[in-house]
Every structure is written in structure tokens, then in C-alpha cells.
Amino acid sequence: MASPQLRGCGVHALPVLLLLLLLLPLRVTPGTTCPTPVAVEHADIRVKNYNLNSRERYVCNAGFKRKAGTSTLTECVMNRNTNVAHWTTPNLKCIRMSPYSSKTTKVAISTSVLLVGAGVVVVFLAWYIRSRQTSQPRGAEVETMEAVPMTMRTSSNEEDMGA
């Protein structure tokens, strides 16, 4: 039995209808939500919105940090094959932080080095200023050249000429 034709088009209706069904966006029941996201080792997630297309982020626990190249993001999406909402699979890895590589330690070391360096500069400047001051005792008068009478001594040649 042949499939019915669309009027005036010469096209069979069944293949066109199947094609339209495949091209139409997936119909989602209003209010579709995702279940609780999967657990990630050494991480927590506080979901604010379970609705479709919502995005949430995991947070590594205290003492752990996100491994480079992994993501904290997960999104509520619809599986087109099963028509079921689910969270995308996170690839987050939380690794234990080394106490020697934490940002807090680096800041503390940098600050203490800066303070010690500033203290050395202050001490050096104080020493330099004191070393440049004159060591004259207070109250001592210095005799100036104007107060000392000058006697002129003439050379023997001048005495000879004047005589």
C-alpha cells in the first residue's frame, strides 16, 4: 500500500512527517528538574536551582584544591534518548594542598621579608646620618681666621730694595 500524498506537492506524507518530528526540538514537560548531583571526592556542592539548563559549581573541601585542568562546573541537561534530565558528569579532582605551597604561606613569607628589609634600610640610614655629622663638642668656640692677626714677613729681596 502506498503512503498518502500531500495535495498538490507530489510528496509522500509519512517521510515528511518523520523528518519534521526529528527536526522539532525535544518537548520537555514544564517543571522538569534534575536529581541530586553525583558526589565528588573531597568536594561539596550546594545546588541553588535544579531546573533544566541550570549550572552549579562544586567546591573543594578545606585542605584541598582543584587539580589543574579539571572543572568545578556541572549543568542540568536533558538526555534526548531517554527524555530524562541529569547533571553533566564533572571531571573535578580535588587534591590535598601542601602546607609549603599554599598562597597564605607565600604571602606571610613575602611580608616578613619585606618588613626585615625595611628595618635594615632604616638602621642603615640612621647609621649613615650619624656618621656624617661633625664631632665638635658643644659650646666650643672655633677661632676664625679674621681674629688671628697676620704678620707679614717680607723676603730678604724686598728688604734689600727698600734700603
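Biologist: So a residue is buried when its relative accessible area is under 20%; by that rule, does threonine 70 count as buried or exposed?

Modeller: Keep in mind that this is a predicted model, and that its values are computed from it. Threonine 70 has a relative accessibility of 13%, and because buried means under 20%, this residue counts as buried.

Biologist: And where is threonine 70 found?

Modeller: Threonine 70 is found in the loop between β3 and β4. From there, its side chain reaches the backbone oxygen of lysine 67 at a distance of 2.7 Å. If we leave aside the neighbours within four places in sequence, threonine 70 is in contact with Asn91, Leu92 and Lys93.

Biologist: Let me step back a bit. How many helices and strands are there in the chain?

Modeller: The chain has three helices and six strands, and when you read along the sequence they follow the pattern α-β-β-β-β-β-β-α-α.

Biologist: What share of the residues counts as buried?

Modeller: The chain has 163 residues, and 14% of them count as buried. The accessible surface of the chain comes to about 14500 Å², and 60% of that surface belongs to carbon and sulfur atoms.

Biologist: Which side chain does threonine 72 join in a polar contact?

Modeller: The side chain of threonine 72 is joined to the side chain of arginine 57 by a polar contact of 2.9 Å.

Biologist: New topic, the cysteines. How many disulfides does the count come to?

Modeller: The count comes to two disulfides. As a reminder, a disulfide is a covalent bond between the sulfur atoms of two cysteines.

Biologist: Which cysteine is joined to cysteine 34?

Modeller: Cysteine 34 is joined to cysteine 76, with 1.9 Å from S to S. That pair links distant parts of the chain, since cysteine 34 sits in the loop between α1 (13-23) and β1 while cysteine 76 sits in strand β4, 42 residues apart. The link of cysteine 34 and cysteine 76 is right-handed, with 95° about the S-S bond, and both of these cysteines are buried.

Biologist: And which cysteine is joined to cysteine 60?

Modeller: Cysteine 60 is joined to cysteine 94, with 2.1 Å from S to S. This pair also links distant parts of the chain, with cysteine 60 in strand β2 and cysteine 94 in strand β6, 34 residues apart. The angle about the S-S bond is -80° for cysteine 60 and cysteine 94, and their link is left-handed.

Biologist: What is the pairing if I number the bonded cysteines in sequence order?

Modeller: Numbered in that way, the pairing is 1-3, 2-4.

Biologist: Can you stay with cysteine 94? What does it touch?

Modeller: Not counting residues up to four places away in sequence, cysteine 94 touches Glu41, His42, Ala43, Cys60, Phe64 and Lys65. Its relative accessibility is 9%, so cysteine 94 counts as buried. Cysteine 94 and lysine 67 are 27 residues apart in sequence, while their C-alpha atoms are 5.8 Å apart in space.

Biologist: Last one. How many aromatic pairs does the count come to?

Modeller: The count comes to one aromatic pair. Tyrosine 50 and tryptophan 87 form this pair, which is edge-to-face, with 6.4 Å centre to centre and 70° between the planes. Tyrosine 50 lies in the loop between β1 (43-45) and β2 (55-60) and tryptophan 87 in strand β5 (residues 84-87), so the pair ties together parts that are 37 residues apart in sequence.

Biologist: Are those two buried or exposed?

Modeller: Tryptophan 87 has a relative accessible area of 9%, so it is buried, whereas tyrosine 50, at 34% relative accessibility, counts as partly exposed.

Conventions. Residues numbered from 1 in each chain as written. Predicted model: local features only at pLDDT ≥ 70, side-chain atom pairs only at ≥ 80, totals over all residues. Heavy atoms only, no water. Helix = DSSP H or I, 4+ residues; strand = E, 2+ residues; numbered from the N terminus. Buried < 20%, exposed > 50% of the residue type's maximum accessible area, 1.4 Å probe, protein only. Areas by Shrake-Rupley, 256 points an atom, 1.4 Å probe, with all protein chains shown as cover. Polar contact = N/O pair within 3.5 Å; in protein donor to acceptor, adjacent residues only side chain to side chain. Contact = heavy atoms within 4.5 Å. Phe/Tyr/Trp six-rings, centres within 6.5 Å; stacked < 30°, edge-to-face > 60°. Disulfide = S-S within 2.5 Å.
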